[in-house]
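Please keep the sequence and the model in view while reading.

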Amino acid sequence: MKILSIARKTLLELWREPMLWVILFVFPAALVWLYDFAYGETDQGLARFLQIQVMNQDLGNPALGQPLGDQLVKTIAAADFEGQPLFGITYVTDRRLAEIALQEHKSLLLVVVPTDFSRSLAQGAPPADPPTIQLIGDPASDNFAFARSFLESMILEFVRASTNQASTATINYEFIPGTGTMSDFAFGLPGMIVFGIMLLAASTAMIMVRENVSGTLKRLRLTALHSWDLLLGVTLTQTLLAVAIVPVTLGVALATGFSSRGSLLAAIFVGVLLSLSAIGIGLLVACFTHTDSEAANVAATAGVLSVLLSNAMYPAPRAPIATIAGHAIQIYDLLPTNHAAEAMRRILILGDSLSSVSYEVGWLVALSSLLFAVGIFFYQKLQLRRG
């Protein structure tokens with residue numbers, strides 16, 4: 001009976017901490033949903049992950065009828081694996097835009113069929129100057145290597161069947177500028193920095209709840225201190241921490257052999273913008289939690305989820321919801337962590353300038369400002385103006 005009484009008492013105490021139930025039940029459920037979203041759908045087969053672009057420049061040959069380039073593209077599009085499409089194909093005509101899509105990780109690989117593909121193979125014998133098909137991507141990407149292995153054998157088999165000769169075409173591999181020697185660690189580094197900055201949500205929530213529990217807020221109401229003084233003071237502290245997180249994390253990476261091509265100041269600027277999102281989340285959590293430990297746990301969970309549900313730590317599957325000004329908007333584009341990670345990745349790894357990542361920075365400014373403003377509004381309304 002004593003054991004049952006203690007168990008009952010413990011359950012009642014836990015029942016009075018609703019945020020704890022969120023951590024214990026909602027967080028695991030959200031992770032199950034995340035994995036199902038990323039890996040659960042099978043109706044698209046490998047095409048969900050092997051997104052490639054095809055640029056068919058083949059001019060054809062009147063003696064052949066349909067250009068061999070068109071036939072090759074149809075062969076690639078018809079490829080399947082266990083009854084499901086092997087590749088998700090986007091047909092492109094602009095090489096520059098196609099390479100931008102590769103840099104933004106919206107595509108794994110670009111296949112370029114040369115203009116002389118049909119003409120070179122028209123005689124049915126090994127030509128003196130065999131056509132060269134280009135496969136362009138990031139060789140450090142596992143999915144690039146996976147897609148390349150399928151495409152290489154498929155292309156060579158198509159050429160052999162078309163000419164009754166072996167090795168009548170060459171395949172040339174090109175690296176996306178700024179890649180080729182990039183490791184998985186280097187690719188994930190921007191996500192690590194984003195992860196560290198989002199943990200500022202936990203420290204913000206903990207500080208604000210502690211101010212309330214300790215009675216500091218009540219005493220501040222008796223002084224001439226304005227609510228904005230408190231909020232901006234905390235914001236300044238947290239943004240300074242963000243300024244420190246970026247170079248410290250990058251410094252450790254440099255010490256382990258990472259080579260950065262971009263501007264540290266540009267990366268810090270992106271980090272400061274992202275910190276506004278973390279602060280906004282922290283303020284929101286502080287409105288609905290009662291102890292500093294509870295606030296830290298809930299805010300940390302929110303920060304971690306914002307990273308895991310974005311494209312920051314690992315390539316996320318395509319999930320378009322709209323198209324704006326030619327840009328496909330994915331569902332995770334609604335998270336500031338996605339744009340911060342992409343901006344940092346392009347700055348630190350590809351050496352892009354802030355002007356080159358203006359699209360990502362624009363999204364980051366809008367989303368971070370929104371979260372920060374919402375956090376300020378609710379904290380003022382529910383905490384600072386509470387009698």
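## Overall make-up

The protein contains 14 helices and nine strands; helices (H or I, at least four residues) and strands (E, at least two) are DSSP runs, numbered from the N terminus. The model is predicted, so local features need pLDDT of at least 70 and side-chain atom pairs count only at pLDDT 80 or more, while totals for chains, interfaces and linings use all residues. Residues are numbered from 1 along each chain as its sequence is written, and side-chain values use heavy atoms, with hydrogens and water left out.

Of the 387 residues in the protein, 44% are buried. Buried means under 20% relative accessible area, exposed over 50%, and partly exposed in between (1.4 Å probe, protein chains only). The protein exposes about 19100 Å², of which carbon and sulfur atoms supply 64%; these areas come from the Shrake-Rupley method with a 1.4 Å probe, and for residues only the protein chains shown count as cover.

## Helix α14

Helix α14 covers residues 358–384. Its 27 residues should span 39 Å at 1.5 Å a residue, and the end C-alpha atoms are 36 Å apart, which agrees. The expected span is 1.5 Å times one less than the number of residues.

Several residues of α14 are buried, including V361, L364, L367, F372, I376 and Y379. An α-helix has 3.6 residues a turn, so residues three or four places apart point the same way.

## Nonpolar cores

A nonpolar core is a set of buried Ala, Val, Leu, Ile, Met, Phe, Trp, Tyr and Cys residues joined through side-chain atoms within 4.5 Å. The largest one has 54 residues, and I197, M208 and Y379 touch the most other members. Among the elements that give two or more residues to this core are α7 (184–198), α8 (200–213) and α14. Helix α11 gives the most, with 14 residues.

Another core, of 25 residues, lies apart from it and includes V54, L68, A79 and F158.

## Aromatic pairs

There are two aromatic pairs. Rings of Phe, Tyr and Trp (its six-membered ring) pair if their centres lie within 6.5 Å; planes under 30 degrees apart count as stacked, over 60 as edge-to-face and the rest as tilted. The rings of F117 and F158 have centres 6.4 Å apart and planes at 15°, so this pair is stacked. F117 lies in helix α5 and F158 in helix α6, 41 residues apart. Both F117 and F158 are buried.

F377 and F378 form an edge-to-face pair, with 5.2 Å between centres and 85° between planes. F377 is partly exposed because its relative accessibility is 47%, and F378 is partly exposed at 32%.
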